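Let's walk through this structure together, from the whole assembly down to single strand pairings. Keep the viewer open so that you can follow along.

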Protein chains: 2
Amino acid sequence: MSQRNPPLLAVPGFQWLGLNIGIKDDTLDFGVVASERECTAAAVFTRNNFPGAPVIVGRELIADGRLQAIAVVSKNANVATGARGLEHARSLSRWVGKQLGLPETLVLPSSTGVIGVLLPIERIEQGCRQIRENLGVDTQSLERFARAIMTTDRWPKWFCTRVGPATLVGVAKGAGMIEPNMATMLSYFVTDAQLPAERLDSLLRNAVNRSFNRISIDSDTSTSDTVALLANGLSGPVDEVEFAEALNEGCTFLAKEIVRNGEGVTKTLELTVSGADSQEMAVRIGRSILNSPLVKTAFHGGDPNWGRIVMAVGKVFEHPVSLDDLEIRVPTDSGTLRINNALVNAGTVDLDLLRTRLQADEVQLEILVGNGNHQETFWGCDLSQEFVAENAFYTT
Amino acid sequence: MSQRNPPLLAVPGFQWLGLNIGIKDDTLDFGVVASERECTAAAVFTRNNFPGAPVIVGRELIADGRLQAIAVVSKNANVATGARGLEHARSLSRWVGKQLGLPETLVLPSSTGVIGVLLPIERIEQGCRQIRENLGVDTQSLERFARAIMTTDRWPKWFCTRVGPATLVGVAKGAGMIEPNMATMLSYFVTDAQLPAERLDSLLRNAVNRSFNRISIDSDTSTSDTVALLANGLSGPVDEVEFAEALNEGCTFLAKEIVRNGEGVTKTLELTVSGADSQEMAVRIGRSILNSPLVKTAFHGGDPNWGRIVMAVGKVFEHPVSLDDLEIRVPTDSGTLRINNALVNAGTVDLDLLRTRLQADEVQLEILVGNGNHQETFWGCDLSQEFVAENAFYTT
């Protein structure tokens, strides 16, 4: 697995930085993106019942659909830190705002990293004094921002495209606590297109549902998930359909990159559940397969143990599937490999071909669960020994 | 981790065997237990929507509360095998019944192992011819039965006790696909006590709910789960309360042994969720913690990353907990170590003591989630690299 980032593009009116301010070690751990003028904005946050302090503050700030900057601290999530954590998140907005000459209500605070540890708040106050001299419109500054928001990510992740006269850039970090229920990650999109906040909100929610909410690395839902979109309008209005397509493409690209760059990930799975009676049924079955440790380990080994997929479909108690309707479909060079009840009874399932396909780095599977009209696509990964090693000793 | 089985006891009127009949390799793979007279009986099965053929047949057989023998094939689950699988399960009952001079309706078939592979049915027919010469009332035969039902279990598991004049023996296998929703395993209890079938049913369901339904190894729910209880009545009536206590003790002992002997398990966790508003809330939160890959890997490393427990409590979206109410309690030699919002804000959580406690082989945790009256205890384990290695190449 290695990065597939497109060439970087600068976005008119946006400046970036990535610094080390000593949160945990000497890696980049502080990122700021700021617009030269106020932006319309939208954001989507984690559903976890213990959202981090920055998420609590962010929900308040985004209510009026206006932002001008985002400040990200990595290596510490500022979660489960109570009243002091909230104070710290608000201080971050205030200090960054002061340096940029903005009210604190226009600066979205964001954090990712270990849970339950108070931020080293003096270092953040100190770090904020370096903002003005480090902000840059160049793509190197953008890349430093993308690196500064990383935790256990192996590579920075971005997406850049043109929408008519405008540019759209998205940056993301992922790696762990990734589940398809508001995927557990940070992602920030900025554009110089001009769009009202309420349209941004609806376009962003739609794009997130089809991308970040359809991935899973480890079935855990982070307390810090944030996707934000800022539009400074410098390039004027754009075709909204074209912008929606670009945003969908960007969210899907970054969602898949987050999976490819997940902790210990050696293989990726694109899973489509089709023939479901409802979206809910397709999502429940897709999540059950994608999150099953036994499916994920078999997939890691390239082991054609398709019975585990049957098990994972069957443990969605609320949505029973008839064994006669169930079919596992795997695209191959010579057509579609099928596994179903009739073939099993006839003893003619081609396990050797299945093994060959499952041993690829990127695998596609379709699971047909009935005659319904609903179909959903998900992206997941294997469960490797590296995942265990990486997660067994994270704080220490 | 090593076995803690009590000394074996024979049960009057019950004979046992364990044989190799060539299901997969040369290990024991066929077990039979048979009573000299008809028994009252009860059984509980998996909730998976694709139950194995033996489970489908078993549900029919147990309806009248009568059984006299159980025949177990291991290393092949006979699941997702359609009409032929059902035919094979019925043949197993018929052939064993024929050898024992019983109607097939008194022989419970049972299987565990790989999913989606037809049984080598001729070998089973051949194997059944060895039943009469191999059945024995002695404890060696019982032990061979306990070994014959194993798959990836590292040791055989049994429980033996006296209830007044009667004896109660339980045997279990576990290892993988173990989740607290009808724990994914096989367990058979036999007794010479005399109890009506409807009482056995209610006692067994009650005991299973508090034991096998409160464990988790990997969050996956098997398609073959079966717990059966046969009472041949040879020793006459017993005190029902005493019998219920013995059965509860046996189920709890075997459930915990299944966890200790789970695939790749190096450490066990006894988790109590207290202060919940409902049993449902306690169970949902307990399962979320016990099944979280990030909690399990941190636990594997003895890493005091308690924030992951907060995350796992918070991802039970339907049952929000106030951060002020949440407390993690760890018993230590010098009293209870507490982690809560006030201590985090004061910066006085004793992480070194927590690390020391978490590095033990057997860890106890209590999670207080509010002021409610409901409390539930669960047993789980770590997620190790051995688990991944073992499950990545299971069929091949």
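The paragraphs below begin with confidence and numbering, then turn to symmetry, the chain contact, the domains and the sheets.

First, some ground rules: this is a predicted model, in which local features need pLDDT of at least 70, side-chain atom pairs count only at pLDDT 80 or more, and totals for chains, interfaces and linings use all residues. Residues are numbered from 1 along each chain as its sequence is written, while chains are lettered from A and ligands numbered from 1 in the order in which they are written. The pLDDT is the predictor's confidence in each residue, from 0 to 100. Chain A has a mean pLDDT of 90, with 95% of its residues at 70 or more. For the model, the scores are ipTM 0.77 and pTM 0.81.

Now for the symmetry. Two copies of a chain are related by a rotation about an axis and a shift along it. Here, chain A is superposed on chain B by a rotation of 180 degrees with 0.0 Å of shift along the axis, and the RMSD is 0.0 Å. That is the relation of a two-fold axis. The C-alpha of chain A nearest the axis belongs to Gln385(A), at 2.4 Å from it. The same surface serves both copies, as 100% of the contact residues of chain A recur in chain B.

What does the contact between the chains take from each one? It takes 58 residues from chain A and 59 residues from chain B. On the side of chain A that touches chain B, the elements giving two or more residues are helices H2 (82-100), H9 (293-300), H10 (307-314), H11 (341-346) and H13 (385-392) of chain A. Helices (H or I, at least four residues) and strands (E, at least two) are DSSP runs, numbered from the N terminus. By class, this side of chain A has 26 nonpolar, 25 polar and seven charged residues. Ala, Val, Leu, Ile, Met, Phe, Trp, Tyr, Cys and Pro count as nonpolar, Asp, Glu, Lys and Arg as charged, and the others, Gly among them, as polar.

Within chain A, there is a division into domain 1 (14-260) and domain 2 (268-392), with bounds from an automatic or database domain assignment. The C-alpha centres of these two domains of chain A lie 33 Å apart. Their contact takes 12 residues from domain 1 of chain A and 12 residues from domain 2 of chain A. The side of domain 1 of chain A that touches domain 2 of chain A has five nonpolar, four polar and three charged residues.

Next, find the open sheet of five strands in chain A, which has the order E11-E10-E12-E9-E13 and mixed pairing. Two strands pair if DSSP finds at least two bridges between them. Strands E11 (335-340) and E13 (374-381) of chain A stand at the edges with a single partner strand each, so one side of each is left without a neighbour in the sheet. From one strand to the next, the twist averages 20 degrees. Axes are lines fitted to C-alpha atoms, for helices over the stretch in contact, and angles run from 0 to 180 degrees between N-to-C directions.

Go through the pairings one at a time. E10 (residues 327-332) of chain A runs antiparallel to E11(A), joined by six bridges, and Glu327(A) stands opposite Asn340(A) in E11(A). These strands, E10(A) and E11(A), form a hairpin with two residues between them. E10(A) is also antiparallel to E12(A), with three bridges; there, Arg329(A) has Glu366(A) in E12(A) as its bridge partner. Helix H7 (residues 240-260) of chain A lies across E9 and E13 of chain A, at about 40 degrees to E13(A).

Finally, look at a hairpin in chain B. Strands E5 (residues 157-163) and E6 (residues 166-173) of chain B run antiparallel and are joined by seven bridges, with Trp158(B) opposite Val171(B) in E6(B). This hairpin of E5(B) and E6(B) has two residues between the strands, and Gly164(B) takes a positive phi near 55 degrees.

Terms used:
Copies are superposed by least squares on the C-alpha atoms of residues with pLDDT of at least 70 in both. Two residues are in contact if their C-beta atoms, placed from the backbone, lie within 7 Å.
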